[in-house]
Amino acid sequence: MEVEQSGNERSIGGHMARGAFWMIAMNWSMRLIGLVNTMILARLLVPEDFGIIAMSMVVVGFLHVFSEANVDLLLLRKADVSEADYNSAWTLRIMTGIVVMVLLMAVAPLFADYANDPRVTVVIQILALRSGLLGFENIGVVRFRKELNFRREFLYQFYRRIIYFVVGLIFVLALRNYYALAVAPPLAAVIAVIISYRMSPFRPKLDFSRVGQAWNFSRWLILLEVARFVANRTDNAVLSRTQDATALGNYFVAVEIATMPTRELVMPLTRALFPTFSKVAHDPEQLRTAFLQVMSFVSTFCIAAGLGMALVADHLVPVMLGSKWSAAIPFFFWFAIYGVATGIIQSITPFFVVIGRERTVALLDVAYIAVLVPTLIYLGNTQAIVAVAIGRVVCRYLYLIFVLAMMRRFGGVPVAAIVGTIWRPALAGLAMAATLNWLPPIVAPDLAAQTGMSIAFTGHLLSLVEQFLVGAFVYLGTVCLLWVLAGRPAGAESVVLGLVGRRLAARRSS
């Protein structure tokens, strides 16, 4: 039976889609720049260079979490925000950023000893500058999201990224080693601070009057971010000691690229969802409706992108990174599948925070890493490196099942309703996998001779294009067919078709 969407549901879906559009456009624009940058770097540098950075980011990333503070979420959630709130949030950021920078400078030699690589010391100390510099970013840019001005937020983030890309690439071309990768983040921080004051007229001042209030809110979110960092980087910490820089470089780059499509949809989406959810937080039914729409969109995209990336890994890695990265293919496959679960989990966090359950989310993540960390330590010290990747995937999907079950208790969302948003893209993903598995690889020696490309590269490129087109057709076709057979229920399909229908109707009437 077809479910009619109420005016409120259409409003939530349309508002969510418009807000998410700018956030997704922002991150995909930046990630497209970053992807091009990575493809260039992969050919200019070697896996060992990336491995040194991966080792350094274990301790840099962990301590940097404390400098983030997440005070922007407090400013977004609060209905009446004063100038003192903004100033106190800015003050807290500066304080935590400087403390983290000093700590990183001090622990750099100790971690270099742990990793058995003295090159890590200088890299950590260079990267430490980023935490101290970012604390001075103008807190006024939070108003872009507070006022739902996502276009302004898009432009702010885009300007930061494009300038960083150009200057960072100059360093790589000049230095041709891992130092270029270390210099880029602090440089990006300087650019971010400058642009933030150019784009926001607000001028923050040091104010300690509400620092305690900001810290009380932030501490649970910091715990949440620490838990997530440990979950995401424990493998790097273990492998820094058990593997050389080349093996870790292949592993690290595979993680970053394979999870990019799902990660870069959900991260900007959550930035748009938090203020959107906050607007309807007073009405539990509207909030649940908005959440289920989000789940429908996220699961449809994440399964298509994550599973699709895994299925084309054999051809995508040689085309994107070059033949010297072939050792990254197994990691790429497993982490693309990992990205599906991670994308869905990340989309749930704004819902918990809006209903005041940030402590619950943090404790759930702590329980998760209590299982994950011993598993990865055992696998990293006793098994081949690919076993670590598989261990992360298995633990992540078990955690996803657990979190979805908890939604019923803490969010009042029935498990059956959640399953109702996931089963269609899940079956479509299986159909896509079966179809792509059946396709033979393409070999085109004549075309290779005509274009001057190698036979291997030409075959990978043509096979990649074929699998992308066939996979997209099968997946979208199956999702639409199952939606019709299910009676055209409310979900991602109905929202998208409704928006398209209204746009076409408006164009015809004009």
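1. Basis. This is a predicted model; local features need pLDDT of at least 70, side-chain atom pairs count only at pLDDT 80 or more, and totals for chains, interfaces and linings use all residues. Residues are numbered from 1 along each chain as its sequence is written, and side-chain values use heavy atoms, with hydrogens and water left out.

2. Overall make-up. The chain has 20 helices and 0 strands. Both are DSSP runs, numbered from the N terminus: helices are H or I with at least four residues, strands are E with at least two. Of the 510 residues, 55% count as buried. Buried means under 20% relative accessible area, exposed means over 50%, and partly exposed lies in between (1.4 Å probe, protein chains only). Contact means heavy atoms within 4.5 Å. Among contacts between residues at least 6 apart in sequence, 84% join residues at least 24 apart.

3. The cores. A nonpolar core is a set of buried Ala, Val, Leu, Ile, Met, Phe, Trp, Tyr and Cys residues joined through side-chain atoms within 4.5 Å. The largest one holds 133 residues, and Ile139, Tyr251 and Phe332 touch the most other members. Helix α14 (residues 329-354) gives the most to this core, with 16 residues. Apart from it lies another core of 10 residues, including Val141, Phe154, Ile195 and Met199.

4. Tyr251 and Asn250. Leaving aside neighbours within four places in sequence, Tyr251 is in contact with Asp235, Asn236, Leu239, Phe331, Phe335, Ile385, Val388, Ala389 and Arg392. Asn250 sits in helix α10 (residues 245-258). Asn250 counts as buried because its relative accessibility is 5%. With the neighbours within four places again left out, Asn250 is in contact with Pro47, Trp325, Ala327, Ala328 and Phe331.

5. Helices α9 and α10. Two packed helices are described by the angle between their axes and the distance between the axes. Axes are lines fitted to C-alpha atoms, for helices over the stretch in contact, and angles run from 0 to 180 degrees between N-to-C directions. Helix α9 (residues 211-242) packs with α10 at an angle of about 170°, with the axes 11 Å apart. So α9 is roughly antiparallel to α10. Angles under 35 degrees count as roughly parallel, over 145 as roughly antiparallel, 65 to 115 as roughly perpendicular and the rest as oblique. On the α9 side, Arg233, Asp235, Asn236, Leu239 and Ser240 take part; they meet Leu248, Tyr251, Phe252 and Glu256 in α10. By class, this contact has 4 nonpolar, 2 polar and 3 charged residues. Here Ala, Val, Leu, Ile, Met, Phe, Trp, Tyr, Cys and Pro count as nonpolar, Asp, Glu, Lys and Arg as charged, and the others, Gly among them, as polar.

6. Helices α5 and α8. The axes of α5 (residues 119-134) and α8 (residues 178-199) come within 8 Å and cross at roughly 10°. That is why α5 counts as roughly parallel to α8. The residues that meet include Val122, Ile126 and Leu133 in α5, and Leu181, Pro185 and Val193 in α8. The contact of α5 with α8 divides into 18 nonpolar, no polar and 2 charged residues.

7. Positive phi. Most residues other than glycine have a negative phi, and most peptide bonds are trans. Asn116 has a positive phi, near 55°. Asn116 lies in the loop between α4 (83-115) and α5, and is exposed, with a relative accessible area of 58%. Arg488 also has a positive phi, near 55°. Its place is the loop between α19 (455-485) and α20 (492-509). Arg488 is partly exposed, at 42% relative accessible area.

8. Ser67 is in helix α2 (residues 47-68) and counts as buried at 7% relative accessibility. Ser67 and Gly97 are 30 residues apart in sequence, yet 4.5 Å apart C-alpha to C-alpha. Beyond neighbours within four places in sequence, Ser67 is in contact with Arg93, Thr96, Gly97, Val100 and Ser131. Ala115 lies in helix α4 and is buried at 5% relative accessibility. With neighbours within four places left out, Ala115 is in contact with Met55 and Ser240. The C-alpha atoms of Ala115 and Asp244 are separated by 9.2 Å, and the two residues are 129 apart along the chain.

9. Cysteines. The structure holds 0 disulfides, a disulfide being a pair of cysteine sulfur atoms within 2.5 Å. Cys302 is buried at 0% relative accessibility, and Cys395 is buried at 10%.
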